[in-house]
Amino acid sequence: MTACKCLLLLFLFLVTPVTSAAPPIERWQTASGVRVLFVESHALPIVDIQVDFAAGTAYENFAQAGIASLTRELVELGVAGMDETQIASRMADVGAQLSGEVDRDRASIILRTLSMGDKRRVAFELLRAILSTPQFPAAVFEREKARSLAALKEALTRPEALVKRAFWSAMYGSHPYGRHETTESLATLERADVLAFHAAHYTAPRARLAIVGDLSRAQAEAVAEELTAALATSPGMTAIAVPELPSSSEQRIAHPAAQAHLLLGLPALKRGDPDFFPLIVGNYTLGGGGFVSRLMKAVRDQRGFAYSVHSHFQPLAQLGPFEIGLQTKKEQAQDALAVTREVLASFLREGPSDEELLAAKQNLIGSFPLHLDSNREILRSVAVIGFYELPLDYLDRYSDNIEEVTLSDIKAAFARRVRPEHLVTVIVAGE
Amino acid sequence: MRMRPTRLIPLLLALTLAAPALAETFERQLANGLRVIVKEDRRAPTVVHMVCYRAGSMDETNGRTGVAHVLEHMMFKGTPTVGPGEFNRRVADAGGRDNAFTSHDYTAYFQQVPEHKLGEMMQLEADRMRHLSLDPAEFAQELRVVMEERRLRTEDQPQSLLFEQLTATAFQAHPYRVPVIGWMNDLENMVPADARSWYDNWYAPNNATVVVVGDVDHQAVFKLAAQHYGTLQPRQLPVRKPQDEPRQLGIRRLVVKAPADLPLVMMAYKVPVIRNVEQDVDPYALELLAAVLAGHDAARFSTSLVRRQRLAVEAEASYDSTARGPGIFYLQGSPGEGKTVSELEAGLRAEIVAVQERSVTADELARAKAQLIAGQIYKLDSMFAQAIEIGQLEAVGIPYAQHGRLLEKLQAVTAEQVQAVARKYFNEQGLTVGELDPQPLPPAARSPAAGS
């Protein structure tokens with residue numbers, strides 16, 4: 001019976017056409033030394049640009065935690081000759097959208113604009129000004145600092161924010177990845193600190209550019225030159241320290257919420273590490289595969305303990321976390337934790353079954369085009385490839401890399417990367 | 001995870017209407033009443049397949065609130081030929097992803113898969129359109145999941161609690177007063193028969209629209225649809241009572257106390273929605289008003305309330321001109337440091353008064369329209385967003401064929417019309433104001449993380 005089912009799956013898998021839908025990526029370097037990745041696509045009159053700087057929270061000085069986000073917010077709120085309202089008005093006039101984010105490694109500035117000449121030229125010029133002449137007006141600095149403080153104070157009442165902060169602290173201790181802004185660190189920030197952080201981190205050697213959309217190569221090159229011409233040529237890249245693995249621990253934080261929030265995990269995986277493929281293929285079965293994962297079946301389907309439960313690898317410049325997360329009614333938090341630990345332990349012991357391994361590969365390869373079906377998704381992938389200097393054929397090789405993973409690869413990779421003696425657990429609002 | 005969009009969605013732009021006709025759309029109705037709408041988008045070898053049932057929480061009855069959403073969960077729990085959880089497994093094996101959501105107005109199920117898997121998806125959806133098992137043991141388990149979902153999305157979310165109470169106060173007769181996920185006590189007392197009768201009442205081809213967007217040929221899709229859905233029998237649908245909301249006769253106020261730090265004020269004004277695409281004027285003007293107030297970073301709320309006066313750390317306006325039920329125009333914000341909720345409420349009202357007295361400028365209107373057009377083009381980058389748009393319009397009774405006219409009507413709105421709607425609808429008579437009164441956490445909960 002089992003053999004039959006196995007053969008059937010194998011058959012299905014083999015006849016599924018493996019379409020490599022990866023778009024061709026072009027690469028060059030601007031005169032100022034910024035590396036550029038470009039994907040040409042004329043299907044829609046849209047251009048997307050992402051500028052990433054090695055200016056994430058890992059580069060903050062401990063006493064200044066919060067400065068990375070504040071700096072990123074402020075760069076677009078005032079440039080030479082234009083105040084924040086003028087910038088926002090001109091962007092809106094041409095229908096362009098500016099957004100961004102800050103994570104441990106990166107501070108991103110993301111522009112989406114229509115590709116018509118009169119529209120895109122205005123948007124590119126604004127982005128150039130944001131990259132080259134941000135003014136950090138004092139009044140705007142004070143206001144944004146106050147807004148950040150208000151947002152932080154609110155976050156510190158939320159169980160989902162509390163559990164995340166405690167989890168990263170437990171995993172990384174005093175390593176830069178374990179750092180969080182506090183009301184004290186934010187309150188002491190001054191405008192000069194932001195100017196200094198900007199000068200040290202928003203430079204050409206720390207920048208990567210990703211461009212996707214309705215431009216020719218020549219146009220894209222011209223835009224890249226224009227955007228980066230005025231970036232400072234130093235300081236260069238700095239390395240983030242290698243984190244030490246924590247000892248296993250369990251922390252409980254009281255909270256009046258109806259649901260307990262649980263996170264389990266440890267520092268596990270760097271960008272570019274060859275264990276990436278065995279880990280994501282294995283994790284599909286454990287808790288990455290949505291409704292069909294083992295965690296979802298055990299925690300949600302069989303016991304009704306939670307609306308959602310997941311496991312996830314987040315590779316970073318240094319070891320990024322493996323995490324398992326769920327929320328469950330306070331009174332059953334202990335039972336849900338026990339089930340979760342048992343699912344993890346049995347997975348680490350045995351790995352996926354043959355059928356599970358096939359299903360994981362089938363979905364990860366079959367769904368690959370779904371992750372590259374829009375300019376937005378392509379931009380996101382290309383920006384990661386550029387920032388972390390992954391091979392340019394990363395997307396082309398993706399399906400083959402998944403296909404080559406064996407059961408023993410998975411077991412060995414999990415045994416190396418997810419060792420129970422380093423696993424930390426944080427529970428907010430448990431009993 | 002299963003989404004459950006509410007009407008507010010304060011973080012989205014208020015402009016949620018139709019896409020321009022850059023891609024061609026085709027439509028056919030099967031003999032059993034099922035409507036099939038196909039939009040060809042050949043940028044990637046994938047397809048979105050969505051089935052929308054015109055039954056949402058507004059069709060529920062007292063004591064059974066939340067049943068539309070519970071049934072949505074049960075739709076993944078099997079038929080005689082496809083076991084519990086098998087639906088998700090089949091989609092995953094096809095290299096796809098799938099999910100579903102319930103709103104006040106409709107319930108939708110969707111899969112995104114490689115294009116050659118469309119037939120298999122139709123087969124699965126057609127099967128569960130009429131053959132759901134609704135096993136009592138599965139039901140009991142799934143009800144617990146839904147209650148966890150309510151805890152996650154509402155019970156522990158001060159903003160959601162305020163929104164739920166505000167809506168329940170603004171509407172007294174119309175079923176929009178009830179949250180889509182249902183009241184907890186109704187969930188606690190729900191039985192399989194409630195889900196069964198909901199399913200029998202509303203899940204029929206003549207109450208459904210199939211939307212397909214992607215790398216397909218429309219003729220081939222019509223053929224597949226006829227093959228898989230064509231054999232299902234139509235059913236007599238229950239009578240839908242209008243349940244019109246009686247006229248509000250004065251301002252209503254409420255307070256929600258919950259663990260939080262930032263206060264929040266939400267104001268709900270009763271306004272119309274589109275009932276006749278050609279003849280209506282006001283809903284289009286209201287869309288533009290929302291855009292001028294809060295559609296982008298240079299809009300009035302951001303410029304005036306957040307930046308200049310520092311009355312707010314955040315201020316939003318939102319309005320959706322398409323709905324089966326009555327419309328609401330929301331204003332909301334959190335006061336800035338040293339400011340009170342009542343000062344912010346006065347500031348929000350002052351912005352409305354400014355439009356009532358001096359209208360909006362030509363520049364502001366042009367900017368809002370530019371944003372609208374750009375937004376429609378950006379939407380074409382997401383097949384899923386296109387499918388949702390078609391499904392939503394059809395569900396509220398606006399044929400997707402009219403979406404181009406909707407855009408034209410929006411483009412034609414004048415400053416006078418914006419001023420007119422500001423004067424006509426923004427008065428105390430139709431206003432409900434809700435305030436979140438933040439309660440401090442117990443000290444044990446505060447100390448560890450603040451220092452970490």
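In what order do the 6 strands of the open sheet of chain B stand? The order is β1-β2-β6-β3-β5-β4, with mixed pairing. The model is predicted: local features need pLDDT of at least 70, side-chain atom pairs count only at pLDDT 80 or more, and totals for chains, interfaces and linings use all residues. Residues are numbered from 1 along each chain as its sequence is written, and chains are lettered from A and ligands numbered from 1 in the order in which they are written.

Strands here are DSSP runs of E, at least two residues, and helices are runs of H or I, at least four, numbered from the N terminus. Two strands pair if DSSP finds at least two bridges between them. In chain B, β1 (25–29) and β4 (97–102) stand at the edges of the sheet. Each has a single partner strand, so one side of each lacks a neighbour in the sheet. From one strand to the next, the twist averages 15°. Strands β3 (46–53) and β6 (208–214) of chain B pair in the antiparallel sense over 7 bridges. B:Val48 has B:Val213 in β6(B) as its bridge partner.

In chain A, helices α2 (67–75) and α8 (191–201) pack at an angle of about 85°. Their axes, lines fitted to C-alpha atoms over the stretch in contact, are 10 Å apart. Angles run from 0 to 180 degrees between N-to-C directions. The two helices are therefore roughly perpendicular (65 to 115 degrees).

Confidence is given by pLDDT, the predictor's score for each residue, from 0 to 100. Chain A averages 94, and 95% of its residues score at least 70.

Methods
Angles under 35 degrees count as roughly parallel, over 145 as roughly antiparallel, 65 to 115 as roughly perpendicular and the rest as oblique.
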